[in-house]
Amino acid sequence: HVVFCADRSYMQHAAVAAVSALDNSPGTTICFHYVTCDDDPEAKARLARTIARHPGATLEFHHVDEERIAGAFADRHVTRAAYLRFLAPEVLPAEIERIVYIDCDVVVMDDIRKLAGIDLQGHAVGATPDADWTKGAPDQRKLALGLRPGHSYVLSGMLVMDLVPWRRQGLTRRIFDCVDRLGGQLVY
């Protein structure tokens with residue numbers, strides 16, 4: 001299960017990401033999920049036609065009421081739609097236990113099964129650490145978020161999510177509680 005979360009303006013980009021995953025994962029059955037607050041039947045139909053050209057690929061759309069993200073902090077770097085990835089575990093059917101979340105602007109260059117099969121050792125999410133742009137100096141943004149020096153910061157554009165511990169630990173609620181608490185401190 002591969003998940004995209006965005007508004008309607010990113011569906012064409014999701015088509016490129018989906019095709020790149022399919023082209024680099026021959027023989028793989030992939031169910032793509034698109035989580036959005038929008039309803040654009042024409043854009044949905046175009047994305048569905050693109051994915052339907054590939055044997056073994058399916059597409060499901062999941063609608064989230066915009067009120068769920070209306071109060072979340074947003075600026076020129078972080079859109080409200082960026083928070084949809086944290087709602088995916090609640091929106092997707094309960095029988096889905098693991099997903100690969102990919103930002104719509106990602107191009108997959110290898111077999112997606114390698115990423116989907118990573119052993120998370122019981123953790124709810126796997127992500128890639130962000131580069132240390134501060135070269136060891138205190139990062140004021142991390143400190144403002146309450147993260148201790150040296151704490152890892154991760155890239156959120158590609159995540160492996162084990163939905164069983166995610167749901168059990170109530171991580172969606174906890175993340176949104178944190179977003180509410182920190183508000184404007186999330187600024188880049």
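Modeller: A contact means heavy atoms within 4.5 Å. The structure is a predicted model, in which local features need pLDDT of at least 70, side-chain atom pairs count only at pLDDT 80 or more, and totals for chains, interfaces and linings use all residues. Residues are numbered from 1 along each chain as its sequence is written, and side-chain values use heavy atoms, with hydrogens and water left out.

Biologist: How many of the contacts in the protein chain between residues at least 6 apart in sequence join residues at least 24 apart?

Modeller: The share is 80%.

Biologist: What makes a stretch a helix or a strand?

Modeller: Helices (H or I, at least four residues) and strands (E, at least two) are DSSP runs, numbered from the N terminus. The protein chain has 7 helices and 6 strands, in the order β-α-β-α-β-α-β-α-β-α-β-α-α.

Biologist: Why is the reach of helix α7 called close to the expected one?

Modeller: The expected span is 1.5 Å times one less than the number of residues. Helix α7 (residues 171–182) has 12 residues, and its first and last C-alpha lie 16 Å apart, against an expected 16 Å.

Biologist: Which residues of α7 are buried?

Modeller: Buried means under 20% relative accessible area, exposed over 50%, and partly exposed in between (1.4 Å probe, protein chains only). In α7, L171, T172, F176, V179 and L182 are buried. They cover an arc of only 135° around the axis, so they sit on the same side of α7; the arc is that of the directions from the helix axis to the C-beta atoms. R173, D180 and R181 are exposed on the other side of α7.

Biologist: What do the buried residues of α7 pack against?

Modeller: They pack against α3 (84–91) and α6 (163–168).
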